[in-house]
Amino acid sequence: MKKILTILFICLLFCGCQKNRQNNSVDDNYRVFYEIFTGSFSDSNGDGTGDLQGIIKRLDYLAGTKDSLGIEGIWLTPIFASPSYHKYDVIDYYTIDPDFGNQDDLDELIKKCHERNIIVILDLAINHTSSQHEWFKQFEKAHRENDTGNKYYYYYNFDTRFQGDASSSWCDINDTNEIYECNFSYDMPELNFDNSDVREEVLNIARYYLQKGIDGFRFDAARYIYHNHNEDSADFWKWYCGELRKIKEDVYLVGEVWTSEYITYQYMNDMNCFNFTMSQPDGMIARAAKSENINNFTNYVVNYQNTIHSVNEEAMAVSFISNHDMDRSAGYLQLNNGQAQMAANLYLLSPGSPFIYYGEEIGMKGSRGSANTDANRRLAMLWGDNDTISDPEGSTYDRSKQINGTVKDQTKDKNSMLNYYRKLIQIRNRYPQIARGTYEVIDLDNSNVGGFSIEYNGETTYLIHNNSSEEITIAADTYGKLLDYIGINTASYKDGRLTIGAMTSVILK
Ligand code: CA
Ligand code: CA
């Protein structure tokens, strides 16, 4: 009897795990990521700046409970010691900025994220350091003293005054006749990647964090490694990513290669690249969400997937609408007519690993505006509770423009954007083929209803979007059963006819 009970117990455990696995999603990197601008998300200690303990406090919001958003990965904007609020200019890669916490807080965050099946990727800004980094101080000193035997003399790119490559920007090394490369700012000097010591330094940084349990990286300014020499920059990343894969085989790597799409392909040999063509007001997502010809969008998605797979079969599409360097999408996609919801459908129901920018799921606004400051794109998350988070320094955004409500408001409202995103991510996770399948275009000969057939594990699923303001009925007897729909309207299937409400998407099999 005891034996039978034990077997029964093991069965229950096993079934429980299986069930959990189905609900809970993934063990690969085809995940929905969430970009957190670390200083603007949640404040744990009342100083107004977001921090790692603040994120830990908000994990229930992100994943792990039935009311969570359901994301499966977090991209943290830089957390290392830095004099700026955005922290893309690092002083010390081995110290967590005291504004954000310390290494113990990071350990705790990693552990608690992993318990919820969230992976954590760090933003690695290694093209340049802060001018206050010890390496740069030593570099300047060595140049002032003409100490060519000092190893730091060669840590950054330098030239003789008036001789620097005119396609890069250069700043003076004070009290010398020399200059250093500074494409972003005088206080962001660019490292010399022809120097094997520098390569070893930047590899050690990533190794240190992988050994701590970090799951991957977002590479800042990836094409600037060798500015205007994409082949050399791409070669650098191929080497770097190869080394990281030796340390952690399934490391998740995504590069910011913000330039013409065809150039990004050469970077994709061993990493993913954000797909900038999808993003921003003129991007593929926003245009389709504003009811432009859906077939342009579907053809694009399929061509893109085919192209990146011709470079690297493992490469993933990385779609997003906006990030911390872009105006927020709720400023140009309306919620009341379903544009913002359709935009979310278009990219969260697409292949690869999409990235949500924090606050997008509540229709948060924020744009550079006349003050022309990126701080307005990185405003404090609107929790609507007692979080002491405040807007970053330099922001000028008028809070009265935030008309879409807070997390607290939207949690209660079943028709809110937040609940829409929750449902949408659940649907994505219910069908692993959406992230992982091979897409082909279904052209329904209608500019406002179109979609994909998706092949995965020998089965075909269909995903169809109606991106118009009208209900549309089509013959659909070849697409199987209507499994799910999501949009600001409903969908139904009867006698081989599929009716899709305005701004709504359906899944059939
Ligand atoms: Ca704080
Ligand atoms: Ca560089």
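Is Cys182 buried or exposed, and what is its relative accessible area? I will answer that in a moment, but let me first say what we are looking at. This is a predicted model, in which local features need pLDDT of at least 70 and side-chain atom pairs count only at pLDDT 80 or more, while totals for chains, interfaces and linings use all residues. Residues are numbered from 1 along each chain as its sequence is written, chains are lettered from A and ligands numbered from 1 in the order in which they are written, and side-chain values use heavy atoms, with hydrogens and water left out.

Now to the cysteine. Cys182 is buried, with a relative accessible area of 5%, where buried means under 20% relative accessible area, exposed means over 50%, and partly exposed lies in between, using a 1.4 Å probe and protein chains only. Its partner is Cys171, and the two are joined by a disulfide with an S to S distance of 2.2 Å, a disulfide being a pair of cysteine sulfur atoms within 2.5 Å. The link of Cys171 and Cys182 is right-handed, with 95° about the S-S bond. Because Cys171 lies in strand S7 and Cys182 in the loop between S8 and helix H6 (196-212), the pair ties together parts that are 11 residues apart in sequence. When I say helix or strand, I mean DSSP runs numbered from the N terminus, with helices (H or I) of at least four residues and strands (E) of at least two. Cys171 also counts as buried, at 13% relative accessibility. A search of the whole structure finds one disulfide, and Cys241, for instance, is in none, since the nearest cysteine sulfur, that of Cys273, is 9.0 Å away.

Let us stay with strand S7 for a moment. Three strands form an open, antiparallel sheet in the order S6-S8-S7, and its edge strands, each pairing on one side only, are S6 (158-160) and S7 (170-172). Two strands pair if DSSP finds at least two bridges between them, and S7 and S8 (residues 178-181) have three, in the antiparallel sense. The bridge partner of Cys171 in S8 is Tyr180.

Elsewhere, strand S1 (residues 33-36) points Phe33 and Glu35 one way and Tyr34 and Ile36 the other, and all of these are buried. S1 runs parallel to strand S13 (residues 355-357), to which three bridges join it, and Tyr34 stands opposite Ile356 there. S1 also pairs in the parallel sense with strand S2 (residues 73-76), over four bridges, and Ile36 stands opposite Leu76 in S2.

Finally, which residues of helix H4 are buried? They are Gln103, Asp105, Leu106, Leu109, Ile110 and Cys113. Seen down the axis of H4, these buried residues fall within an arc of 155°, so they line one face of the helix, the arc being that of the directions from the helix axis to the C-beta atoms. On the other side of H4, Asp104, Lys111 and Glu115 are exposed.
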